[in-house]
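Student: Hi! I'm new to this one. Could you walk me through a few spots in it?

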Amino acid sequence: IASYHVAPVSKGRAALSVLDSKRVIGNNLFTVNFTTDSEAGKKDNEFEVHFIDEKGRVLSDRHGIEVKDGRVVPEKVQFSLLTDEESGDTFDLIIHENGKDESELVQRISFKSEIAFTSRDFGF
C-alpha cells in the first residue's frame, strides 16, 4: 500500500494532464489520452503513470511518458487493471515526475470505476 503527496512539477518543466473529461472506467482494459498542461513550463520532461485503488494498492503496470518539444509521447496509454472486491469505486491515476521521490507526485486524478466484475475472480 502506497502513500503519496502531491507537489508541483519542477520549475520550468512541462507538465502532463489527462485529455479525457469523462474519467469513467468501464472495463479492466482501457486507454487514457494524455496532453501537456499549457500552464506549465516548456522544457522536456519524463513521467511514470499507473493506477491505484482507494486503499493505495497498485492496480496496473507503470508506464513511461515523455514530453518532448511540446508533444506527449505516447499520447495514449493502455492500462490493464488487476482489481478485486476491495478495490472500491474510485481509482486514482498517479502521475509521477521522473527524478523525484517515489512518494511525491505531480497529479493524482480520480476515475470512477464501473467495472462489472473483478479481474482476480478470473485469475487474470
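Student: Which residues does Val106 touch, leaving out those up to four places away in sequence?
Tutor: Keep in mind that this is a predicted model. In it, Val106 touches Val6, Ala7, Pro8, Val9, Phe47, Ile95, Glu97 and Lys100.

Student: How far apart are the C-alpha atoms of Val106 and Val6?
Tutor: They are separated by 5.4 Å, with the two residues 100 places apart along the chain.

Student: And is Val106 buried or exposed?
Tutor: Val106 counts as buried because its relative accessible area is 12%, and the cut-off for buried is under 20%. Val106 lies in the loop between strand S10 (104–105) and strand S11 (107–113).

Student: New topic: what does the side chain of Asn28 make a polar contact with?
Tutor: With the side chain of Thr83, at 3.2 Å. Asn28 is buried, at 10% relative accessible area, and its place is in the loop between strand S3 (24–25) and strand S4 (29–36).

Student: What about backbone angles? Where is Asp69, and what is its phi like?
Tutor: Asp69 is in the loop between strand S6 (63–68) and S7. Its phi is positive, about 50°, although Asp69 is not a glycine. Most residues other than glycine have a negative phi.

Student: How accessible is Asp69?
Tutor: Asp69 is exposed, with a relative accessible area of 73%. Arg23 also has a positive phi, near 50°, but Arg23 is partly exposed, at 30%.

Student: Last one: which peptide bond is cis?
Tutor: The one from Val73 to Pro74, with omega near -10°. Pro74 sits in the loop between strand S7 (71–73) and strand S8 (76–80).

How values were computed
Residues numbered from 1 in each chain as written. Predicted model: local features only at pLDDT ≥ 70, side-chain atom pairs only at ≥ 80, totals over all residues. Heavy atoms only, no water. Helix = DSSP H or I, 4+ residues; strand = E, 2+ residues; numbered from the N terminus. Buried < 20%, exposed > 50% of the residue type's maximum accessible area, 1.4 Å probe, protein only. Contact = heavy atoms within 4.5 Å. Polar contact = N/O pair within 3.5 Å; in protein donor to acceptor, adjacent residues only side chain to side chain.
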